[in-house]
Amino acid sequence: MTEKFSTVNDFNDSQDEYLNLIYEIMQDRKRGEKPIAFIRTYGCQQNVADGERIKGMLQKAGFEFEDKPDNADFILFNTCAVREHAEDRVFGNVGALKNLKLKYPRTLIALCGCMMEQKHIAERMYKSFPYVGLVFGTHALHQFPELLYRSLSSGKRVYVRDNDDSLVHEGIPVKRDGAFKGWLPIMYGCNNFCTYCIVPYVRGRERSRESDIILCEAREMINSGYKDITLLGQNVNSYGKNLKNSPSFAELIKEIDDIDGDYWLRFMTSHPKDCTKELIDTIAQSKHISKHLHLPFQSGSDRILKAMNRHYDREKYLGIINYAKERIPDVSLTSDVIVGFPGETYEDFKQTLSLIREVEYTSLFTFIYSPRVGTPAASMDDPISAAEKSKWFQELLDVQEEIAAKRCKSMIGTTQKVLVENEKGKDNILNARTSGNIVVEAKGGKELIGTFQNVKITNAGNWILKGDFV
Ligand code: SAH
Ligand code: SF4
Ligand code: F3S
């Protein structure tokens, strides 16, 4: 395999100095005792992981974080472009900051993330919101200190238009949002070009991190108490393809699984076209990998799958699912599905319904198709009305609710290992999660948060379980 993309461990050398300079500038510029940042991230876990790196850099420059923009010296929206709804929210929230900026002109407002890799959107936002001082896309993340410094020191607007998507930048500091649940990116970008999807255009070509760096980060997380680690990539099954002598994804998770400790390992997302029996066998035999497979099918109709450029058909998909059910008892299956892809008929949609009935998913992420400028599907004929698509969508939700409720009920009387996550809010009820990613409510003290416990399931709702700690 040729090495098309290379890893550069360039962060410390080139960017640390800028963080020191930012620290100095902020001592004069801050409104309160410490410089405050407000970072709002939209979209998928990949964006959340990027947001944690931005926070890591800001923390090194002396910033503290608040979850409201009111006192902030620096406000950043880390955006998502996957559906129109995600974009509309960003436009609305940036628009709402106008008064705050008028009141505190020295507050710097910035935009980054996937929307900013779409020229027509980045330009529109730059023009519509003159009080936005800094704009950069996903490929410029590693240069963030330099860009922030340029913006703060010059007082001019900084807008990064072109940048490189071919490198993996290592050494960026990270401040994780969770103390015991964490994200670990293993690769970036996507080469699949599903015809509806904007991700390959805004995240660039697929490139993997070196396995020794991933193993080192996994060890660090496990040693510092992380109990639930999710490996991230748009298609984790093609991990390592651009590297020399790299382990495959199944080999990589085997190596991580061998690290001693008390933790669960998850991964997302697995693409059905590359999901192998070897991967399922690895899950089945592992100590730490959760018995959960998130395998997006998008549509149950072969005709639509072809138009989506997904490279598998219903039969192949069900083949993997059935193998997983056979090898991993009680496997929890989840998926993504799109309703109303251009040209989809009610007959196609019925195939989607029959597939979810056959598989019996624990839960589904369901989306109504949203046209994305520049993708092939955006110029396909789309005769079905929005009202009709909403009706189908509701039908899908109803069917899935019935399936999820049945699955939850079947777990009454069992004892489940759970990771306790947080307080529900009142009456000492805690939220926990099973290895299959189902929420369980049980009564207990706060000291249980962040620990593994066993819960005897006594009751079930449509989506959640209730029980008692044993
Ligand atoms: N790489 C992952 C998913 C990334 S995007 C995978 O291939 O499974 C997450 C989900 O958003 C997709 O699985 C798809 O269901 C949905 N999605 C992507 N583009 C969309 C669009 N244009 N309209 C509606 N849903 C979309
Ligand atoms: Fe989008 Fe398809 Fe890539 Fe997933 S695999 S990110 S759906 S193009
Ligand atoms: Fe959105 Fe970018 Fe993720 S478009 S779904 S944040 S990769």
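Modeller: Let's start with the open sheet: six strands in the order 3-2-4-5-6-7, with parallel pairing. Strands here are DSSP E runs of at least two residues, numbered from the N terminus, and two of them pair if DSSP finds at least two bridges between them. The edges are strand 3 (64-65) and strand 7 (158-159), each pairing on one side only. Strand 2 (residues 36-41) runs parallel to strand 3 and is joined to it by two bridges, with alanine 37 standing opposite phenylalanine 65.

Before going on, some housekeeping. The model is predicted, so local features need pLDDT of at least 70 and side-chain atom pairs count only at pLDDT 80 or more, while totals for chains, interfaces and linings use all residues. Residues are numbered from 1 along each chain as its sequence is written, chains are lettered from A and ligands numbered from 1 in the order written, and side-chain values use heavy atoms, leaving out hydrogens and water.

Threonine 230 takes part in both pairings: it is the bridge partner of tryptophan 183, and its own partner in strand 13 is arginine 266.

With a relative accessible area of 15%, arginine 176 counts as buried. Its side chain reaches the backbone oxygen of tryptophan 183 at 2.9 Å. It also makes a polar contact of 3.0 Å with the side chain of glutamate 217; that means N or O atoms within 3.5 Å, one able to donate a hydrogen and the other to accept it, with residues adjacent in sequence counted only if both atoms are side-chain atoms. Leaving aside neighbours within four places in sequence, arginine 176 is in contact (heavy atoms within 4.5 Å) with Glu52, Trp183, Glu217, Met221 and Tyr226.

On to the ligands. Ligand 1 is surrounded by 15 residues (a heavy atom within 4 Å), and the closest are Arg83, Gln234, Gln298, Asp336 and Ser370. A backbone N or O atom of tyrosine 196 lies 3.0 Å from a ligand 1 nitrogen, and one of glutamine 234 lies 2.9 Å from a nitrogen of that ligand. Arginine 310 has a polar side-chain atom 3.5 Å from a ligand 1 oxygen. Taken alone, ligand 1 exposes 540 Å², and the protein buries 91% of that (Shrake-Rupley areas, 1.4 Å probe). Strand 15 (332-339) and strand 16 (363-368) are the elements that give two or more residues to its shell.

Glutamine 234 turns up again around ligand 2, where Tyr196 and Arg310 are also among the residues. The list around ligand 3 includes Gln234 too, along with Cys44, Cys80 and Cys114.

Definitions and conventions. Buried means under 20% relative accessible area, exposed over 50%, partly exposed in between (1.4 Å probe, protein chains only). Helices (H or I, at least four residues) and strands (E, at least two) are DSSP runs, numbered from the N terminus.
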